[in-house]
Amino acid sequence: MPGKIRTRRISGALGRLSLVALLVASQAGADAPETSPRPQLRGESASATTNLIRPKARPAPAKAALSPEAPVEALDLSLRPKARPAEVSRAVARRQAGSVCGIADIRGTQVAPITGRIAGCGVAAPVKVRSVAGVQLSTAATMDCNTAKALRRWVNEGVRPAVGTQGGGVRQLRVVAHYSCRTRNNRAGAKISEHGKGRAIDIAGIGLQDGSEMSLLRDWGRGEKGRALRKMWRAACGPFGTVLGPEADAFHKDHFHFDTAQYRSGSYCR
Ligand SMILES: [Zn+2]
């Protein structure tokens, strides 16, 4: 019966339409954190509505995010490429692809080359790493692939063996710094830090499966956790060219600094 066929065609089209609507809705959900970094001010309902219609409005000047004192999160925002609709779907596709640096268990996204605001800063082929060897990073960390590979090797050869079954095993690395265009230890006149070249990462603790943490500040030199931290600190010397821990100097009381700078005399580990 022609009537029945037509009905089926219509309901089939409706099904496709609702599928498209669903896809659009889920994409919008995935992009939401990228495009709405700031809460709306109260008592400004009119401008709030305008902002909803015009997503490109960024209330704060970019230089606020670029100041040397800006926290890592603020810097991250400034590094994001401007959201252009055509690029958004490609970004989503890359995110779903997952693996970067040609290694299955280095997961994250490729990002656009970074040009630093100071000569000597920048990363030619950066990646934003979310996990290595099945261990999450507490925040997506920007670095080059050489550094991502060193981090993965350290997790496999240093962190996992040192932690063993304590707390149910390793869950997460608490990352406190990654790419940041600045001088060493933020001191004026000092050389550009390896952080400014995408070759460094700072880690302040190892999160365990049971929700507890091996904290550099609290556990270094103390008990079973302290022994595990010392083991993984030692194991970082090799995968990384520079390894600094709580015994290096006052700047590193609460975190490991690892970088892949190449020294002619070999690794520098303190
Ligand atoms: Zn550092």
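Predicted model: local features only at pLDDT ≥ 70, side-chain atom pairs only at ≥ 80, totals over all residues.
**Exercise 1.** Which residue of E8 is the bridge partner of Leu173, and which residue has Leu173 as its bridge partner in E7?

Solution. Start on the E8 side: Leu173 is bridged to Ile206. Then turn to the other pairing, where Leu173 of E7 is the bridge partner of Leu137. Gln172 of E7 is likewise the bridge partner of Gln136.

**Exercise 2.** Describe how E5 is joined to E6, and find the residue with a positive phi in their hairpin.

Solution. E5 (residues 127-132) and E6 (residues 135-143) run antiparallel, with five bridges between them. Val127 lies opposite Met143 of E6. Two residues separate the strands of the hairpin, and Ala133 has a positive phi near 50°.

**Exercise 3.** Determine whether H6 and H8 are roughly parallel or roughly antiparallel, then characterise their contact by residue class.

Solution. Two packed helices are described by the angle and the distance between their axes. For H6 and H8 (residues 223-235), the axes cross at roughly 160° and come within 8 Å. Angles over 145 degrees count as roughly antiparallel, so H6 is roughly antiparallel to H8. The crossing of H6 past H8 is right-handed. H6 contributes Trp154, Glu157, Gly158, Val159, Ala162 and Val163 to the contact, and H8 contributes Ala228, Lys231, Met232 and Ala235. Sorted by class, the contact has seven nonpolar residues, one polar and two charged.

Notes: Residues numbered from 1 in each chain as written. Pairing = 2+ DSSP bridges. Helix = DSSP H or I, 4+ residues; strand = E, 2+ residues; numbered from the N terminus. Axes fitted to C-alpha atoms, helices over the stretch in contact; angles between N-to-C directions. Parallel < 35°, antiparallel > 145°, perpendicular 65-115°, else oblique. Left-handed = near helix turned anticlockwise from the far one by under 90°. Contact = placed C-beta atoms within 7 Å. Nonpolar A, V, L, I, M, F, W, Y, C, P; charged D, E, K, R; others polar.
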